[in-house]
Amino acid sequence: SQGSELSGWAMGRWTYEGIDLNHNFADLNTALWDAEDNDLVPHEFPNHYIPIPEYYTFANATVAPETRAVIDWMQRYPFVLSANLHGGELVVTYPFDMTRTYWKAQELTPTADDGVFRWLATVYATSNLAMASEERRLCHYDDFIRFGNIINGANWHTVPGSMNDFSYLHTNCFEITVELSCDKFPHASELPVEWENNRESLLLYMEQVHRGIKGVVRDSDTEQGIANAIISVDGINHDVRT
């Protein structure tokens with residue numbers, strides 16, 4: 001198999017149409033940060049459920065059918081927790097994936113929910129057998145071990161238009177990226193080991209949906225549930241909706 005260190009690292013990265021799906025979601029970060037810089041959030045510009053910009057919806061926009069399908073899916077189901085799986089490193093990254101200072105390749109760019117994201121990333125990283133192993137070696141030159149195998153995405157390398165940032169800003173969903181293995185192309189014979197490495201961390205991660213407050217927001221007179229009620233938490237400039 002071609003190891004991720006070899007020239008084949010980019011293999012499988014682009015679609016048939018030549019689009020890198022990992023950078024293909026609508027960039028909602030820039031609009032939010034511009035609005036924040038102009039003191040428009042949240043009274044004139046929302047801090048959550050940020051609408052997709054018009055240019056992104058045009059027929060000639062460079063948006064892959066796969067990306068459009070995933071966005072439709074995310075809009076249909078009110079997901080609250082997600083992880084997407086990548087290869088080529090052993091680390092868990094959490095939003096934001098895009099640097100706030102647009103010309104910087106790396107910059108710590110936390111969300112309003114940084115504590116929750118760091119927790120979610122840590123739950124996965126500490127229960128993943130490959131990451132937690134005593135024999136854990138560096139994949140390449142980045143030493144993620146001393147950070148507990150988690151990193152803010154933008155502090156590693158900036159990715160505009162990532163699914164994680166889009167999920168957080170356009171929906172209620174908190175999403176992280178799991179880099180599963182130093183080798184981007186493990187041989188078929190290695191897959192059972194990869195499954196064992198990730199089985200417990202996948203289950204533990206899914207169980208995190210039970211953290212925090214949950215319930216139903218009801219109309220006090222009719223007892224009917226209220227759809228799209230906005231929930232604000234003091235000190236966290238990112239609301240969620242029922």
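This is a guided tour of selected residues in a predicted model.

Residues are numbered from 1 along each chain as its sequence is written. Because the model is predicted, local features need pLDDT of at least 70 and side-chain atom pairs count only at pLDDT 80 or more, while totals for chains, interfaces and linings use all residues; side-chain values use heavy atoms, with hydrogens and water left out.

**Stop 1: serine 162**

Select serine 162, in the loop between α6 (153-156) and α7 (163-170). Helices (H or I, at least four residues) and strands (E, at least two) are DSSP runs, numbered from the N terminus. Is serine 162 buried or exposed? With 2% relative accessibility, serine 162 counts as buried. Buried means under 20% relative accessible area, exposed over 50%, and partly exposed in between (1.4 Å probe, protein chains only).

Now show the side chain of aspartate 97, which is joined to that of serine 162 by a polar contact of 2.7 Å. The side chain of serine 162 also reaches the backbone nitrogen of aspartate 165, at 3.2 Å. A polar contact is a pair of N or O atoms within 3.5 Å; within protein, one must be able to donate a hydrogen and the other to accept it, and residues adjacent in sequence count only if both atoms are side-chain atoms. Leaving aside residues up to four places away in sequence, serine 162 touches Asn22, Phe25 and Asp97, where contact means heavy atoms within 4.5 Å.

**Stop 2: the disulfide**

Select cysteine 139 and cysteine 182, which are joined by a disulfide with an S to S distance of 2.0 Å. A search of the whole structure finds one disulfide, defined as a pair of cysteine sulfur atoms within 2.5 Å. The torsion about the S-S bond of cysteine 139 and cysteine 182 is about -75°, so the disulfide is left-handed. The pair links distant parts of the chain, 43 residues apart: cysteine 139 is in the loop between α5 (129-132) and β3 (150-152), and cysteine 182 is in the loop between β4 (174-181) and α8 (191-207). Both cysteine 139 and cysteine 182 are buried.

**Stop 3: backbone details**

Go to the loop between α1 (29-37) and α2 (54-57), where proline 42 lies. A cis peptide bond joins valine 41 and proline 42, with omega about -5°. In the loop between α1 and α2 there is also aspartate 39, a residue other than glycine with a positive phi, near 55°. Aspartate 39 is exposed, at 60% relative accessibility. Next, select tyrosine 49, whose phi is positive at about 50° although it is not a glycine. Tyrosine 49 is partly exposed, with a relative accessible area of 27%.

For another cis peptide bond, select proline 95 and phenylalanine 96; omega is near 0°. Phenylalanine 96 lies in the loop between β2 (89-94) and α4 (114-127).

**Stop 4: aromatic rings**

Phe96 belongs to a cluster that ring pairs form with Trp33, Phe117, Tyr168 and Phe174. Rings of Phe, Tyr and Trp (its six-membered ring) pair if their centres lie within 6.5 Å; planes under 30 degrees apart count as stacked, over 60 as edge-to-face and the rest as tilted.

A search of the whole structure finds ten aromatic pairs. One of them is tyrosine 124 and tyrosine 205, with ring centres 6.3 Å apart and planes at 70°, so the pair is edge-to-face. Tyrosine 124 lies in helix α4 and tyrosine 205 in helix α8, so the pair ties together parts that are 81 residues apart in sequence. Tyrosine 124 is buried at 0% relative accessible area, and tyrosine 205 is buried at 4%.
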